[in-house]
Amino acid sequence: MSKISRRKLITTGLTAAAGVAGLGVAAGLAQKYGLVPPDHGGIWGLGETLTYASQRLLTRHSLAREFPRSQISKPPFPNEVEPPTEEFKRLQAGRFADWRLSVNGMVSRPATFSIDQLKSYPSHSQITMLQCEEGWSYIAEWIGVPLSHVLQVVGVLPQAKYVAYFSIEPDTWESIDMADALHPQTFLTYGMNGDALPVAHGGPLRLRLPRQVGYKSVKFITHLTVTDSMKSFGKGLGSAAPEFGYAWYAGI
C-alpha cells in the first residue's frame, strides 16, 4: 500500500472512530500507529492524542507561512528577557566564544559545537511569525542552521523518536518529535533581522520552530538529547510546558 493511501486510510479511521465510537477508540487507533504524544494521560489526554495524530497525518510536511521583508515587525518586540544566570553573563562578557551546544543520546557521534562551528555550516533564513498563546506575535527574519543538518552530523539512530532541548535558563526545556526535528524550517537560530540574535530574544542560540507556538522556540539553547522515549525526562510529559497546563504539541 502506498504511503498516501495508507495515510488516508488511517486518517479516515481516526475520523470515523472519533465520530462514531468516541475519542477512546480514536486514541486506540492512534496508539496502534505510534501517533500518541507524551502528554496523552490525564483529563485532556484523549483530545491531545487526537489533535497530534490528525496533525501528523495531515500536515507532516506542511510549511509555516513565510512573509516578505517589508512585513518584518518594527522593534521593540514583546516578551524580551534579561540574561538568566551569572554563568550566562560570564559567557556574554566573552562574546559567547565559550558557548557550547552539546548533542548526545541516540546518536552515533556525540558532539559539542561552538557558535562559530554552527555558523560554518550552510546558513539558511526564513521570515516567519512567532506566535504566542498569550496573544502577542511578531514577524522577524531568523537566520541559522537547520536542526536536521546538525542531527545528520551526529548521526541519529533509526529508533530515535524525539529531540529534547535544554536552555541555560534553569528548568527550561522542551522536546519535539523527529518530524519537526527534521523539518526544513526548524532552525538552530543565531541571527535575527540581518544581525546576531539579540540576547533579549534568546541569543546567542535559540531553537526556532515556526510550526508551533512561541513557547516551543526555547531561548539560550545549550544541550540536545536524542531519545526514543520522554518518560525519563521531567514528569514524563514531553516537556516542562504540560507540567504547567500547556500542551506538549502546540501546532499552529
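Me: How many residues does helix H3 have, and what span does it reach?
Reply: In this predicted model, helix H3 covers residues 45-59, which is 15 residues. From its first C-alpha to its last it reaches 21 Å, close to the 21 Å expected at 1.5 Å a residue.

Me: Which residues of H3 are buried?
Reply: They are Gly45, Thr49, Tyr52, Ala53, Arg56 and Leu57. Seen down the axis of H3, these buried residues fall within an arc of 120°, so they line one face of the helix.

Me: I turn now to strands. How many residues of strand E7 are buried?
Reply: In a regular strand the side chains alternate between the two faces of the sheet. Strand E7, residues 187-192, is mostly covered, with six of its six residues buried.

Me: Which strand is joined to E7 by five bridges?
Reply: That strand is E4, residues 137-146, and the two run antiparallel. Within this pairing, Ile143 has Gly191 of E7 as its bridge partner. Strand E9 (residues 206-208) is joined to E7 by three bridges, also in antiparallel fashion; here Leu188 is partnered with Leu207.

Me: What do E7 and E8 form?
Reply: They form a hairpin with two residues between them, and Asn193 in the turn has a positive phi of about 55°. Two bridges join the antiparallel strands E7 and E8, and Met192 has Asp195 as its partner in E8.

Me: Where is Gln212 found, and is it buried or exposed?
Reply: Gln212 is found in the loop between E9 and strand E10. Its relative accessible area is 3%, so it counts as buried. The side chain of Gln212 reaches the backbone nitrogen of Ala250 at 2.7 Å. Beyond its neighbours within four places in sequence, Gln212 is in contact with several residues, including Ile176, Asp180 and Trp248.

Me: How many aromatic pairs does a search of the whole structure find?
Reply: A pair of aromatic rings is described by the distance of the centres and the angle of the planes. The search finds 13 aromatic pairs. In one of them, the rings of Phe88 and Trp99 have centres 5.6 Å apart and planes at 85°, so the pair is edge-to-face. Phe88 lies in helix H4 and Trp99 in the loop between H4 and strand E1, so the pair ties together parts 11 residues apart in sequence.

Me: What is the arrangement of the rings of Phe88 and Phe220?
Reply: Their centres are 5.0 Å apart and their planes at 70°, so this pair is edge-to-face. The pair links distant parts of the chain, 132 residues apart. Both Phe88 and Phe220 are buried.

Technical notes: Residues are numbered from 1 along each chain as its sequence is written. This is a predicted model: local features need pLDDT of at least 70, side-chain atom pairs count only at pLDDT 80 or more; totals for chains, interfaces and linings use all residues. Side-chain values use heavy atoms; hydrogens and water are left out. Helices (H or I, at least four residues) and strands (E, at least two) are DSSP runs, numbered from the N terminus. The expected span of a helix is 1.5 Å times one less than its number of residues. Buried means under 20% relative accessible area, exposed over 50%, partly exposed in between (1.4 Å probe, protein chains only). The arc is that of the directions from the helix axis to the C-beta atoms. Two strands pair if DSSP finds at least two bridges between them. A polar contact is a pair of N or O atoms within 3.5 Å; within protein, one must be able to donate a hydrogen and the other to accept it, and residues adjacent in sequence count only if both atoms are side-chain atoms. Contact means heavy atoms within 4.5 Å. Rings of Phe, Tyr and Trp (its six-membered ring) pair if their centres lie within 6.5 Å; planes under 30 degrees apart count as stacked, over 60 as edge-to-face and the rest as tilted.
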